[in-house]
Each structure stands twice: as structure tokens, then as C-alpha cells.
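Welcome! Please take a moment to turn the model around on your screen before reading on.

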Amino acid sequence: MHRFAKWQYSPIFFVILYFTPKNMTQVADIKKFRGALIDMDGVLYDSMPGHTLAWQRMMQTLGVKCDRDEFYLYEGMTGPATINLLFKRELGYEVDAERAAELYKIKTQNFIEWGEPPMMPGADRMLAALARLGMKRVLVTGSGQASLFERLQRDYPGVFPDGCRVTGNDVTHGKPAPEPYLKGAQLAGFDPSECIVVENAPLGVRAGKAAGCYTIAVTTGPIPREAFEREGADLIFPDMNSFADWLERQII
Ligand code: CA
């Protein structure tokens with residue numbers, strides 16, 4: 001005890017304290033989690049540049065004013081929810097479900113024309129490390145983009161079989177509501193408190209926290225770290241490779 005007290009007052013102690021991430025105290029418990037609920041766009045695929053362009057093109061065609069980067073902030077919401085947010089703001093009205101589905105189809109087509117998004121560097125290592133940590137992996141995305149679901153099996157073979165996916169088509173209230181992650185935990189077969197969430201969007205972090213999950217943010221887009229801190233992210237990594245590196249270190 002005496003020796004520790006002495007160490008506490010040494011300059012090196014304060015240097016270590018200064019450079020220690022403030023969330024480090026929460027790091028050690030990662031092995032206790034049993035389920036990993038994993039977002040798709042901006043996590044498994046570097047697809048957000050294509051989505052933001054597709055949204056902007058569709059809205060501009062209709063005369064709805066918008067900024068391309070604002071779509072990063074709506075990431076995680078379902079297509080119809082994003083459409084009605086902008087319609088209400090710029091035109092003063094919302095569209096019905098049928099019209100929203102038509103418009104989302106146009107946005108989807110724009111995204112396909114943009115080209116195939118690359119896999120997120122480090123995502124395959126991240127998924128492998130989660131499996132080695134014994135976690136059941138479930139996809140939880142607000143997207144209804146069929147073109148990407150088809151690619152999942154090719155790019156991440158065997159990781160998300162049928163019954164391990166919650167998509168925008170499976171929920172009534174998309175992110176930031178907790179419903180997608182509550183359903184994901186249900187599919188994993190665990191209580192939300194036994195699951196981690198892997199997210200790249202502030203609204204996704206909000207959804208994960210609202211569901212009661214340990215929520216990890218990976219800032220793969222232009223949104224600053226502070227936005228994820230405000231939403232209460234439990235851990236924040238600057239890119240997927242850093243997160244994968246960290247997970248691999250937890251296996252030992
Ligand atoms: Ca995302």
C-alpha cells in the first residue's frame with residue numbers, strides 16, 4: 001500500500017494518466033459480451049460516399065434543396081424516414097408510404113449506378129476477431145439496399161446467414177429508435193446488455209445506447225469524434241483497422 005501511494009505521486013504516474021484514453025476503464029470487459037450487432041454501411045462497406053451522392057441526386061431532381069454531407073447525419077434512418085425529413089423541411093409536407101417507396105427506389109438505382117462500394121479495410125479482421133472472442137454476429141442495418149445484401153455472402157462468406165440479419169425492411173421504427181438493435185439482440189439470442197454494437201453513425205450510436213448495448217463507434221466518415229461522444233459511445237476508434245487491431249489484442 002505504502003509503495004503504491006508513493007508511485008501515485010511520481011511524475012511518471014501523471015504522464016501515464018494524461019495519455020490514458022478516458023474510456024480505458026471500460027475496455028477490459030469486452031470478453032464478457034456474447035453477441036455483436038454489426039451495422040453495414042460505413043462499417044462493412046465504404047459505401048457512404050455513394051449513398052450521399054445518390055440521395056443528393058434524387059432530391060435535386062425533385063427540387064428539394066439539400067447538402068450532400070447532411071446525409072451522413074441521417075445515416076441509419078430508413079429510406080422513407082430520410083425522405084420525409086427533407087420533404088417536410090423543404091416542401092412542408094410528407095409523402096405516403098407508396099410514394100416514399102418509389103422515391104427510395106430512385107435513390108437505390110442512383111447508388112447502383114455509382115458503382116460497387118469497396119469493402120471497408122479491416123472489416124474482415126474485425127469480424128474474425130469477434131468470432132474468436134466467441135461472439136455471435138448479427139447484421140443490423142437501416143438499409144434496404146438489395147444489391148449490398150447479395151454481396152455480403154460473397155465478401156463475408158458465412159458470417160451473416162439467414163436469420164442473422166435485421167434490415168430496414170424488418171423494423172417499424174428505424175435508428176435512432178432502439179428497435180433494430182433490440183431485434184438484433186433477439187436474433188442473437190441474448191439480452192441487449194450482453195451485446196456490443198458496432199456503428200459508424202451518431203444516430204446508430206444513439207440507437208445502440210437506447211437498446212442498452214455496449215456501443216462502439218468507428219469514425220470511418222467525416223463526422224468528428226465529438227458527435228459520437230455526445231451520443232454516449234462507450235468506445236471510439238478512428239478507423240476499422242484500429243478497432244480490429246484492438247480486438248485482436250483482447251484475444252490473447
Ligand atoms: Ca452505418
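Below is a short tour that goes from the overall picture to the sheet, the metal site and a few single residues.

**Before we start**

This is a predicted model, in which local features need pLDDT of at least 70, side-chain atom pairs count only at pLDDT 80 or more, and totals for chains, interfaces and linings use all residues. Residues are numbered from 1 along each chain as its sequence is written, and side-chain values use heavy atoms, with hydrogens and water left out.

**The overall picture**

The protein has 12 helices and six strands. Both kinds of element are DSSP runs numbered from the N terminus: helices are H or I with at least four residues, and strands are E with at least two. Of the 252 residues, 51% are buried. Here, buried means under 20% relative accessible area, exposed means over 50%, and partly exposed lies in between, using a 1.4 Å probe and protein chains only. A contact means heavy atoms within 4.5 Å. Among contacts with a separation of 6 or more, 66% link residues 24 or more positions apart.

**The sheet**

In what order do the strands of the open sheet stand? The order is β3-β2-β1-β4-β5-β6, with parallel pairing. Strands of a sheet pair through backbone hydrogen bonds, either parallel or antiparallel. Two strands count as paired if DSSP finds at least two bridges between them. Strands β3 and β6 (235–237) stand at the edges with a single partner strand each, so one side of each has no neighbour in the sheet.

Strand β1 (residues 35–38) pairs with β2 over four bridges, and β1 also pairs with β4 over four bridges. Gly35 and Leu37 point one way from β1, while Ala36 and Ile38 point the other way, and all of them are buried. Strand β2 (residues 136–140) is mostly covered too, with four of its five residues buried. Two bridges join β2 to β3 (residues 165–166), and these strands run parallel.

Here are some of the residues that stand opposite each other:

| Residue | Opposite residue |
|---|---|
| Ala36 | Arg137 in β2 |
| Leu139 | Arg165 in β3 |
| Val140 | Val166 in β3 |

From β2 the chain passes through helix α8 (residues 146–155) to β3, in a right-handed β-α-β crossover. Right-handed means that, with the strands pointing away from the viewer, the path from the first strand over the helix to the second runs clockwise. Elsewhere, helix α10 (residues 202–211) lies across β4 (195–199) and β5 (214–218), running at about 170 degrees to β5. That angle is taken between N-to-C directions, from 0 to 180 degrees, with axes as lines fitted to C-alpha atoms, for helices over the stretch in contact.

**The calcium site**

Which residues coordinate the calcium ion? They are Asp39 (OD), Asp41 (O), Glu75 (OE) and Asn200 (OD1), at 2.1 to 2.3 Å. Donors are N, O and S atoms within 2.8 Å of the metal (3.2 Å for Na, K and Ca), and sites may look incomplete because water is not among the atoms. The donor residues are spaced D-x1-D-x33-E-x124-N in sequence. Asp41 lies in the loop between β1 and α3 (48–61) and Asn200 in the loop between β4 and α10, so this pair ties together parts that are 159 residues apart in sequence. Both Asp41 and Asn200 are buried.

**Cysteines**

How many disulfides does a search of the whole structure find? The search finds zero, where a disulfide is a pair of cysteine sulfur atoms within 2.5 Å. For Cys195, the nearest cysteine sulfur is that of Cys213, 5.4 Å away. Cys195 counts as buried because its relative accessibility is 0%, and Cys164 counts as buried because its value is 8%.

**Two more stops**

The peptide bond from Lys175 to Pro176 is cis, with omega near 15 degrees. Pro176 sits in the loop between β3 and α9 (179–188).

Finally, look at Leu182, which lies in helix α9. Leu182 counts as partly exposed because its relative accessibility is 38%. Leaving aside neighbours within four places in sequence, Leu182 is in contact with Pro192 and Ala211. Leu182 and Gly212 are 30 residues apart in sequence, and their C-alpha atoms are 8.5 Å apart in space.
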